[in-house]
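Welcome to this tour! Please open your viewer, get ready to select residues by number, and follow along one stop at a time.

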Amino acid sequence: MSELGIALIAAGAAIAGSVATGWFTRNAGIRQAEAARRAGERQADALLETVRMTLQEQAAVRVLDLRRQTYVRFLEAAEARSLTERTGRGRGDDDGLLERALGTVLLEGPAEVAAAAQDLVDRLRRHGTPDDLVEAKLAFLSAARTAVSPPPPAG
């Protein structure tokens with residue numbers, strides 16, 4: 001074999017080796033890019049899930065805070081109405097305040113708290129005994145505490 005033939009064979013082998021190496025390198029690069037894309041997607045999904053959970057928790061806290069404020073206003077109105085009943089002294093708008101506060105509790109709920117608030121107002125209207133009113137107030141407080149307790153953490 002002549003030197004030219006050996007040189008051509010060597011050059012052909014070098015070119016074939018380069019093509020094969022380039023092909024495998026290209027395939028490895030594609031696989032790495034695909035793996036990086038999937039990892040990025042998983043990371044983005046995890047971040048979105050974290051944001052979603054945070055927003056849900058914040059919304060739940062806002063609902064509990066609104067309920068707490070609603071229940072406090074109702075209790076204040078009920079106490080003012082009860083004080084007026086017992087002492088004859090109070091503001092002229094105690095009944096109106098109590099009705100508005102009751103309406104807000106009925107709207108805000110939940111049903112157990114609304115029922116307990118309605119029962120307390122009914123007993124106030126019937127001029128219930130002090131023990132009767134205390135019993136109704138305690139029932140409302142118990143239902144309200146349950147309603148404003150944060151849910152257990154998801155696990």
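## First stop: a residue on the outside

Start by selecting Leu-55, which counts as exposed because its relative accessibility is 51%, and exposed here means over 50%. Leu-55 lies in helix H1. Before moving on, keep in mind that you are looking at a predicted model.

Together with Leu-55 they form a nonpolar patch on the surface, with about 280 Å² of accessible area between them.

Is Thr-70 buried or exposed? Thr-70 counts as buried, because its relative accessibility is 2% and the cut-off for buried is under 20%. Show what surrounds Thr-70: leaving out residues up to four places away in sequence, it touches Thr-104, Val-105 and Glu-108.

Next, select Arg-67, also found in helix H1. Arg-67 is buried too, with a relative accessible area of 18%. Which residues does Arg-67 touch, not counting those up to four places away in sequence? They are Glu-108, Gly-109, Pro-110, Ala-147 and Val-148.

Colour residues 130–148, which make up helix H4. H4 has 19 residues and reaches 26 Å from its first C-alpha to its last, close to the 27 Å expected at 1.5 Å a residue.

Which residues of H4 are buried? Select Leu-133, Ala-136, Phe-140, Leu-141, Ala-143, Ala-144, Ala-147 and Val-148 to see them. To find what covers these buried residues, show helix H1 (3–87), helix H2 (94–108) and helix H3 (111–125), which are included in that cover.

Select Tyr-71, Phe-74, Leu-98, Val-105, Val-113 and Phe-140. Of the 23 residues in the largest nonpolar core, these touch the most other members. H1, H2, H3 and H4 each supply at least two residues of this core. The largest share, eight residues, comes from H4.

Zoom in on Tyr-71 and look around it. Leaving aside neighbours within four places in sequence, Tyr-71 is in contact with Val-105, Gly-109, Pro-110, Val-113, Phe-140, Ala-144, Ala-147 and Val-148.

Now turn to charged side chains. Side chains of opposite charge can pair when their charged atoms come close.

- **Glu-41 and Arg-37.** The closest N and O atoms of this salt bridge are 2.4 Å apart. Glu-41 and Arg-37 are separated by about one helical turn, because they are four residues apart in helix H1. Glu-41 is partly exposed, at 41% relative accessibility, and Arg-37 is partly exposed at 39%.
- **Lys-137 and Glu-79.** The side chains of Lys-137 and Glu-79 meet in a salt bridge at 2.6 Å, N to O. Lys-137 lies in helix H4 and Glu-79 in helix H1, so the pair ties together parts that are 58 residues apart in sequence. Lys-137 is partly exposed, with a relative accessible area of 28%, and Glu-79 is partly exposed with 35%.
- **Asp-122 and Arg-125.** The closest N and O atoms of this salt bridge are 3.7 Å apart. Both residues lie in helix H3, three residues apart, about one turn of the helix. Asp-122 is partly exposed, with a relative accessible area of 25%, and Arg-125 is partly exposed with 41%.

## Last stop: a loop and a distance

Finish by selecting Asp-93. Where does Asp-93 lie? You will find Asp-93 in the loop between H1 and H2. Asp-93 is partly exposed, with a relative accessible area of 37%.

Draw a distance line from the C-alpha of Asp-93 to the C-alpha of Arg-52. How many Å apart are Asp-93 and Arg-52 in space? They are 44 Å apart, C-alpha to C-alpha, and 41 residues apart in sequence.

Note on methods. Residues are numbered from 1 along each chain as its sequence is written. This is a predicted model: local features need pLDDT of at least 70, side-chain atom pairs count only at pLDDT 80 or more; totals for chains, interfaces and linings use all residues. Side-chain values use heavy atoms; hydrogens and water are left out. The expected span of a helix is 1.5 Å times one less than its number of residues. Buried means under 20% relative accessible area, exposed over 50%, partly exposed in between (1.4 Å probe, protein chains only). Contact means heavy atoms within 4.5 Å. Patches are made of residues with over 30% relative accessible area and no salt bridge: like charges are joined within 9 Å, nonpolar side chains (Val, Leu, Ile, Met, Phe, Trp, Tyr) within 5 Å. Accessible areas come from the Shrake-Rupley method with a 1.4 Å probe; for residues, only the protein chains shown count as cover. A salt bridge is a side-chain nitrogen of Lys or Arg within 4 Å of a carboxyl oxygen of Asp or Glu. A nonpolar core is a set of buried Ala, Val, Leu, Ile, Met, Phe, Trp, Tyr and Cys residues joined through side-chain atoms within 4.5 Å.
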